[in-house]
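Welcome, and please keep your viewer open beside this text. We will go from one selection to the next.

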Amino acid sequence: MRWSQGVWSEERLTQAVNDTGRFFALPYGPSGTAPDNDVRAFELYFERLEKAGLGKIKRPDLLIFRSENRAQINAAINQLGGVGELPFISEDDPCMTVLLEKTILAVECENSLWRARQMPNFATPLTPQKRLGGRKGLKRTAVLPTIIIKEEDRLPLKAWQRKRKIPIHIWHAFYDEAYGIALDAAERLITRGDIGPTEQVFQAPGGATSKKVIYKIYYHYAYPLATTVEEPVLAADSITDKNGHILPYVRFVGGASKLADAAVSVLESGQRGRDD
């Protein structure tokens, strides 16, 4: 369910970028190319990724290009065997080098099953907080749109950005709105203490739990990214695991988003995103 929701958010953000006519986005990490409707096919996909020696390598979810470079990018992708092959190919491949040299922005996508504008603390201003040493923030229990960065992703993304010299932004999609922030800007907020770590508990359908450290960056620090202009349909679906256990869930289907002017400006000028 979480995987399919992530795929949906990437598709909506890609559509919003492509609809500008000036830029286009392509899936780059496995989340945008792995099968999401067949459990066994999903498992085989990641087994193949491990065999290729790329299973533990973290890459951004999307790459964004200028529209005038589309023909050159398409030619390189065709030589590589199609978009679905990108996660299996080393970045040292000459055709991959062409893609990366033309990339203006890389994106790590996150999503939340909330209507951002209906969250209780939406539009609540930041105020000095004792737990933050007087820095501005909100109480721990505040419920509002945030951009999430996983601790396990921070170092790999920073390393990729440093090696490839391509700025990474974090784009977080909600049902009705989406927000973005540069990885560099998010890192400054974390290192100077504006945003502290949060331990998140994830529960699997069988009852097992796991814990991950995440950073929840208030949307006040972000730029408006996109607005939903056509709502998705909530569709009932299910998967069957290898033991025959049926797991029902609801997924988003369709819908459309429009890129905000602020996001277009980021793409045009290479701004890192507002962090003050």
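**Stop one: an enclosed strand**

Select strand 1 (residues 23–27): five of its five residues are buried, so this strand is largely enclosed by the rest of the structure. Buried here means under 20% relative accessible area, with exposed over 50% and partly exposed in between (1.4 Å probe, protein chains only). Strands are DSSP runs of E with at least two residues, helices are runs of H or I with at least four, and both are numbered from the N terminus. You are looking at a predicted model, in which local features need pLDDT of at least 70 and side-chain atom pairs count only at pLDDT 80 or more, while totals for chains, interfaces and linings use all residues. Residues are numbered from 1 along each chain as its sequence is written, and side-chain values use heavy atoms, with hydrogens and water left out.

Show the side chains of strand 1 next. Phe23, Ala25 and Pro27 point one way, Phe24 and Leu26 point the other way, and all are buried. In a regular strand the side chains alternate between the two faces of the sheet. Leu26 has Leu63 of strand 2 as its bridge partner. Now pick Arg70, which lies over the face of Phe24 at 4.1 Å from the ring centre. The rule for this is that NZ of Lys or CZ of Arg is within 6 Å of the ring centre and within 35 degrees of the ring normal.

**Stop two: strand 8 and its partners**

Move to strand 8 (residues 177–182), where six of the six residues are buried. Glu177, Tyr179 and Ile181 point one way from this strand, and Ala178, Gly180 and Ala182 the other. Strand 7 (residues 168–173) pairs with strand 8 in the antiparallel sense over five bridges, and the two form a hairpin with three residues between them. Strand 8 also pairs with strand 11, again antiparallel, over four bridges. Which residue of strand 11 is the bridge partner of Gly180? Click on Tyr223 to see that partner.

**Stop three: the nonpolar cores**

A nonpolar core is a set of buried Ala, Val, Leu, Ile, Met, Phe, Trp, Tyr and Cys residues joined through side-chain atoms within 4.5 Å. The largest one has 46 residues, and Ile181 and Ile217 touch the most other members. Helix 6 (residues 183–191) gives the most to this core, with five residues. A second, separate core of 21 residues includes Ile64, Val107, Ala178 and Tyr223.

**Stop four: stacked rings**

Rings of Phe, Tyr and Trp (its six-membered ring) pair if their centres lie within 6.5 Å; planes under 30 degrees apart count as stacked, over 60 as edge-to-face and the rest as tilted. By this rule the count comes to eight aromatic pairs. Select Phe122 and Tyr219, a stacked pair at 5.1 Å centre to centre with 5 degrees between the planes. Phe122 lies in the loop between strand 3 (105–111) and strand 4 (127–128) and Tyr219 in the loop between strand 10 (209–218) and strand 11 (223–230), so the pair ties together parts that are 97 residues apart in sequence.

Key: Pairing = 2+ DSSP bridges.
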